[in-house]
Structures are given as structure tokens and as C-alpha cells.
Amino acid sequence: MSKNIDWSNLGFGYIKTDYRYVSKYKDGKWDDGAIVEDDQITLSECACVFQYCQACFEGLKAYTTADGKIVCFRPDMNAQRMADSAKRLVMPEFPIDKFVDAVHRVVEANKEFVPPYGTGASLYLRPFMIGTNPVIGVKPADEFEFRIFCTPVGPYFKGGAKPITIKVSDFDRAAPNGTGNIKAGLNYAMSLYPITVAHEEGFAENMYLDAGTRTKVEETGGANFIFVTKDGTLVTPKSDSILPSITRRSICEVAEKYCGMKVEHREVLFSEVKDFAECGLCGTAAVISPVGKIYDHGTEICFPAGMEEMGPYTKKIYDTLTGIQKCEIEGPEGWVHVIE
Ligand SMILES: *Cc1c(COP(=O)(O)O)cnc(C)c1O
């Protein structure tokens, strides 16, 4: 039985569900972990997460397929990326198998919150880890909490994926050799001001350039870029300060193996962006958001597909990847993870 929720009118906001998974780390080890009902966390005011932002997170979705299965997409990749984030923040790795098992248990427990097939909605899962014990001298915590909660979210695009307009930001997202390549809350704290300014100016997102030279394309606050050349080559920016998007890595495989495209993962100069035929943003939330226009200090770059629809290559990739996610197209081994 589904909960009585108006699935097709859901937005992207927090709705408290019945259960969450919690595991605690103390004296050098993780406990067994459990599904609990309590959505509140009570901590010392001096907990490391509050003072020094020792926190990382993940994001993935569970959804219903046409044949009634509840599935999620490549959760092992989220587990691995969270382990990489934890390492960089001097936090203990949460074991990959345990992470995937915790995803299962949270979705199973909250089955009634998984939107029915055809609504376009999904159950968004938010795994995260925080340093919990009091720390006042600057050093890592030695007690941690790992938690996964979930919330039903609506379709990212209501009434078709319209291309968006973005701006080249004067702010930087990540420093060379910094933390841009991990999913840390601190990367988002500093992006709040630039995104607020961009929204006030009427732009949907910021395009960040590399902080070192400001000549190369990095990503937006929460999505990687994909570009397509006029002759149909997929190009994705490569940099040590870009967050390795699971959607982007999946898109590269889909473009090459399913769409027969040439794929290049390399540095992308901002000066070559005007020559691309198509541009999009990719991430778990939207899969791909087409970009129609980029504003750069008084100059506009307009992509040929215009502001009404996705370009043809982007559409092909989008349809194929979402087809694999929905189990309508057979994907590579292990991509679709069946929960029940
Ligand atoms: C999460 C995130 C993405 C998208 O990653 P997916 O794994 O595809 O959801 C891209 N950029 C940043 C900065 C992110 O935090």
C-alpha cells in the first residue's frame, strides 16, 4: 500500500518518512546499525560537525519500474564515493557492502513512500556522515554517525525538460588540490551566496571555471557538464577539482556503447564552449538538464537546439540512460540494483 500522497504534485522538499538507518562509530569501530523511527539527532554543541564541518554526504534514488520492482541505480558507486569523501575528511570508511545493505533496509522499511510507476516521482535517499564528539582544538572527531534518511520527491521536470540559462560565475567553487572532488557539505556552504546571486539575476545555475587559471570549465554547484561537438562527439571536462558524478560516468558509457558516439574526457577550455552544438548538466536529480544559453559578462553563447528542447544527441543519451534505469533497455551488469 502506498501512502496517501499526491505523487504527481510533489516538489523537491523534505517530507519526513517513517524510518531511517543509523550506525555509530566509537572506539575505532562501527556498530551493527539499525532501522529507527527517530528523525532527531541530539549532539553536544561542540560536536566537530558544528564547529569544523566534518561532514560528507551522498544522494541517490529508489523508484518503481513498469513491472512493479523497486530498484535503485548503482548504489555501490555512491558507497565507494562516500568512502573516498570520508578518507579526505579523516572520517572512517563506512564499508561498501554495509552501505548497500543499509540502502536496502531504508527503502524496504519505507516501501509505502516509494512513488508508483508512471508518476515520475521517486524516493530520494540521503546517506551522510558527521563527526559527533566535542572538539574545540582543530582536529578530527573520533566518534561518528552514519545515517540514511529518505524523502519522496517529484519529477525534476514538470512538463518536459526545457533548456536553462546559466551564467559564468565570478566566484570559484573549488581550489586546485582542495576538496572539489569529494561530496562534502563545506563545498555547498560556500556555493550558497553565488547561487543566490545568480538566481536573483535570473540564471538557473552558475558555471564555475578552474580557480587556478579561470580558463577551463569545471562544473556547476551540483552537476557536471556534458558537451557534444557538431560532429557528435561527447566531451566531458576533466579536472581533479570536479566531483566525479555517477550520472556523468554512466552517460559516457552509454554514449559510447549504446549510442555509438565518440567520447572524450579531457580538459575543456571555456574558449571552445561556443563551438559545441549541445550542452547539458548531469546529476542524479535531473539525469540531464539541457543548457540553452550561457551568459558570460555581457556576451551570450546560444546553443543551436535553442530554448525549447534538448538537442538530438543529448536526447538520445537521455532516453537511453533513463530507459536503462527504468529496466526498459538492458543495461550493463550491476547498474540496476533490485530491492524487491
Ligand atoms: C552530487 C554532485 C554531482 C552529481 O553527481 P551524481 O553522482 O551524478 O548525482 C555533481 N557535482 C557536484 C558538485 C555534486 O555534489
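Begin with the shell around the ligand, which by class holds four nonpolar, seven polar and four charged residues, where Ala, Val, Leu, Ile, Met, Phe, Trp, Tyr, Cys and Pro count as nonpolar, Asp, Glu, Lys and Arg as charged, and the others, Gly among them, as polar. This is a predicted model, in which local features need pLDDT of at least 70 and side-chain atom pairs count only at pLDDT 80 or more, while totals for chains, interfaces and linings use all residues. Residues are numbered from 1 along each chain as its sequence is written, and side-chain values use heavy atoms, with hydrogens and water left out.

Next, select the 15 residues that surround the ligand, the closest being Lys-183, Tyr-188, Ser-245, Thr-247 and Thr-284; a residue is included if one of its heavy atoms lies within 4 Å of the ligand.

A polar side-chain atom of Tyr-188 lies 2.4 Å from a ligand oxygen atom, and an N or O atom in the side chain of Thr-284 is 2.6 Å from a ligand oxygen atom. At Ile-246, select the backbone, where a polar atom is 2.9 Å from an oxygen atom of the ligand.

Finally, colour the chain by its domain assignment (automatic or from a database), which gives domain 1 as 7-153 and domain 2 as 164-325. Their centres, taken over C-alpha atoms, are 26 Å apart, and the contact (heavy atoms within 4.5 Å) takes 20 residues from domain 1 and 20 residues from domain 2.

How values were computed. Polar contact = N/O pair within 3.5 Å; in protein donor to acceptor, adjacent residues only side chain to side chain.
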